Amino acid sequence: KGAQSSARDAERKADLEDMRSSFEIFRADCGVYPAESEVTAGQILQKLCAGATNTYMSQVPADPGRGTTRYEYSVSGSTYTICAKLENSSTTLFNCGGNNAKNCNGGGCNYSVRNP
């Protein structure tokens, strides 16, 4: 169980970094970060900006241990936060923010990437 949960945690961290990279390219092209409604697990993240439709993620990742559960994402103007719940972390749980007081699907978040 330990090796499997560690592998899922590594995948979560990699997923959040991939999302961060995609969101930065999205902002460079479109001038804004994607809206929360545009970031849906299992869906394509694409947008028409400056006359061209670009694909930023061929599939928005879902949490590897929770099926189709999406990572928590909140955006406010020029800042965003993406959160996950790691299985092997003693970090204190926190609220990811956003309009709905997201909390990693009831489990509490303990890892995040944000900008800035």
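1. Start in strand S5, where Arg114 is the bridge partner of Thr81. S5 (residues 111-115) and S4 run antiparallel and are joined by five bridges. Strands pair if DSSP finds at least two bridges between them. Helices (H or I, at least four residues) and strands (E, at least two) are DSSP runs, numbered from the N terminus.

2. A note on the basis: this is a predicted model, local features need pLDDT of at least 70, side-chain atom pairs count only at pLDDT 80 or more, and totals for chains, interfaces and linings use all residues. Residues are numbered from 1 along each chain as its sequence is written, and side-chain values use heavy atoms, with hydrogens and water left out.

3. S4 also pairs with strand S3 (residues 72-76), antiparallel, over five bridges. Ser76 stands opposite Thr79 in S4. The hairpin has two residues between the strands, and Gly77 there takes a positive phi near 60°.

4. Five of the six residues of S4 are buried (under 20% relative accessible area; exposed is over 50%, partly exposed in between; 1.4 Å probe, protein chains only). Tyr80 is buried at 2%.

5. The structure holds five aromatic pairs (Phe, Tyr or Trp six-membered ring centres within 6.5 Å; planes under 30 degrees apart are stacked, over 60 edge-to-face, the rest tilted). Phe23 and Tyr80 have ring centres 5.7 Å apart and planes at 85°, so this pair is edge-to-face. Phe23 lies in helix H1 (residues 2-30) and Tyr80 in S4 (residues 79-84), so the pair ties together parts 57 residues apart in sequence. Phe23 is buried at 0% relative accessible area.

6. Tyr73 and Tyr80 have ring centres 6.3 Å apart and planes at 50°, so that pair is tilted. Tyr73 is buried at 0%. Ring pairs link Phe23, Tyr33, Tyr73 and Tyr80 into a cluster.
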